[in-house]
Amino acid sequence: MSAEAAERPDDDLSGERSLLAGANLLMGRNPGHRVEIIGGQITVTAPPDVAHARALTDLMVPFLAAGLHGIESKVLQGVGLWLPTGAEDYAIPDLVVVDADIDEHLIENNCYDPLSFRLVLEVTSSNYQNDLRAKVTSYAAAEIPVYVIVDRKHGRLHTLMDPSNDEYKTHQAHAPGQLVNLPESIGAKVTLDVTEVLEAGKPVQSGS
């Protein structure tokens with residue numbers, strides 16, 4: 001998703017406003033946008049374009065076919081992830097694989113314990129650096145086992161694994177033509193076709 005830094009709202013009647021309250025206010029003022037707090041900074045994400053949505057839907061197919069949306073795990077979109085990088089930090093990944101009992105692990109503000117997340121996936125948009133940099137640190141700090149990035153800007157699919165000390169020890173970039181086998185620790189064998197994923201994420205040029 002693309003994201004832009006947002007100014008912290010300052011119109012609270014009490015003269016004070018937490019980042020979390022500010023983020024919720026911005027969410028109310030910008031229907032359809034995604035508001036997150038990453039590294040102590042509020043970001044507002046515009047609604048995705050059709051190509052982004054298409055790539056995300058196509059990406060769900062292999063996870064569903066592998067049986068990950070079942071009794072032990074769920075494949076979901078837009079679930080809040082509470083982050084340890086700040087007192088009020090949270091993210092809303094595009095796609096996640098989580099334990100089926102995630103409802104029991106609510107922390108705050110519709111965000112859930114990172115221990116329930118087996119995988120998070122982001123499809124980049126115009127501000128791709130947020131997914132490639134800030135969220136890498138945040139998800140590693142939260143010890144999310146697998147982070148997948150569909151980098152539409154550079155035509156690559158990234159897999160990041162083995163989080164330790166706020167970074168991923170294993171980071172691989174995959175080019176079109178490659179098949180990527182995700183670790184079976186997510187609960188099943190899932191293979192992603194890089195070409196298919198990136199093609200789904202390309203905007204369709206309308207003819208004249």
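This is a predicted model: local features need pLDDT of at least 70, side-chain atom pairs count only at pLDDT 80 or more; totals for chains, interfaces and linings use all residues.
Colleague: Hi! Let's begin with the sheet. In what order do the six strands of the open sheet come?

Modeller: Hello! The order is 4-7-10-11-12-13, and the pairing is mixed.

Colleague: Which strands stand at the edges?

Modeller: Those are strand 4, residues 73–77, and strand 13, residues 167–174. Each has a single partner strand, so one side of each is left without a neighbour in the sheet.

Colleague: And by how many degrees are neighbouring strands turned against each other?

Modeller: On average by 15 degrees, if you ignore direction.

Colleague: Let's zoom in. How many bridges join strand 10 to strand 11?

Modeller: Five, and the two strands run parallel. Strand 10 covers residues 117–123 and strand 11 covers residues 146–151. If you want a pair to look up, find Val 123, which stands opposite Val 150 in strand 11.

Colleague: Nice. Which strands does helix 2 lie across?

Modeller: Helix 2, residues 50–65, lies across strand 4, strand 7, strand 10 and strand 11. Its direction makes an angle of about 150 degrees with strand 10.

Colleague: What about helix 3, which strands does that one lie across?

Modeller: Helix 3, residues 129–141, lies across strand 10, strand 11, strand 12 and strand 13. Helix 3 runs at about 170 degrees to strand 11.

Colleague: Back to helix 2 for a moment. Is Leu 59 buried or exposed?

Modeller: Leu 59 sits in helix 2. Its relative accessibility is 2%, so Leu 59 counts as buried; the cut-off is under 20%.

Colleague: Which residues is Leu 59 in contact with, leaving aside its neighbours within four places in sequence?

Modeller: Leu 95, Leu 121, Val 123, Val 150, Leu 192 and Val 197. As for Leu 121, it is 62 residues from Leu 59 in sequence, yet their C-alpha atoms are 9.4 Å apart in space.

Colleague: Now the inside. How many residues does the largest nonpolar core have?

Modeller: It has 27, and the residues with the most contacts inside it are Phe 63, Leu 119, Leu 121, Leu 182 and Leu 192.

Colleague: Which element gives the most to this core?

Modeller: Helix 2, with five residues. Among the other elements that give two or more residues are strand 7, strand 10, strand 14 and helix 4.

Colleague: Can we pick out Leu 119? What is it in contact with, leaving aside neighbours within four places in sequence?

Modeller: Its contacts include Phe 63, Leu 95, Val 96, Val 97, Ile 144 and Leu 182. There is also a second, separate core of 20 residues, which includes Val 79, Ala 91, Val 98 and Tyr 139.

Colleague: Changing topic: which residues of helix 1 are buried?

Modeller: In helix 1, residues 19–29, the buried ones are Leu 19, Leu 20, Gly 22, Ala 23 and Leu 26. Seen down the helix axis, they fall within an arc of 160 degrees, so they line one face of helix 1. They pack against strand 2, strand 3, strand 5, strand 6 and strand 8.

Colleague: How many residues of strand 2 are buried?

Modeller: Five of its five. Arg 34, Glu 36 and Ile 38 point one way, while Val 35 and Ile 37 point the other way. In a regular strand, side chains alternate between the two faces of the sheet.

Colleague: And how do strand 2 and strand 3 run, parallel or antiparallel?

Modeller: Antiparallel, joined by five bridges. Val 35 has Val 44 in strand 3 as its bridge partner. Their hairpin has two residues between the strands, and Gly 39 takes a positive phi near 60 degrees there.

Colleague: Last one: which side chain makes a polar contact with that of His 174?

Modeller: The side chain of Thr 159, at 2.9 Å. His 174 lies in strand 13 and counts as buried at 9% relative accessibility.

Key:
Residues are numbered from 1 along each chain as its sequence is written. Side-chain values use heavy atoms; hydrogens and water are left out. Two strands pair if DSSP finds at least two bridges between them. Helices (H or I, at least four residues) and strands (E, at least two) are DSSP runs, numbered from the N terminus. Axes are lines fitted to C-alpha atoms, for helices over the stretch in contact, and angles run from 0 to 180 degrees between N-to-C directions. Contact means heavy atoms within 4.5 Å. Buried means under 20% relative accessible area, exposed over 50%, partly exposed in between (1.4 Å probe, protein chains only). The arc is that of the directions from the helix axis to the C-beta atoms. A polar contact is a pair of N or O atoms within 3.5 Å; within protein, one must be able to donate a hydrogen and the other to accept it, and residues adjacent in sequence count only if both atoms are side-chain atoms. A nonpolar core is a set of buried Ala, Val, Leu, Ile, Met, Phe, Trp, Tyr and Cys residues joined through side-chain atoms within 4.5 Å.
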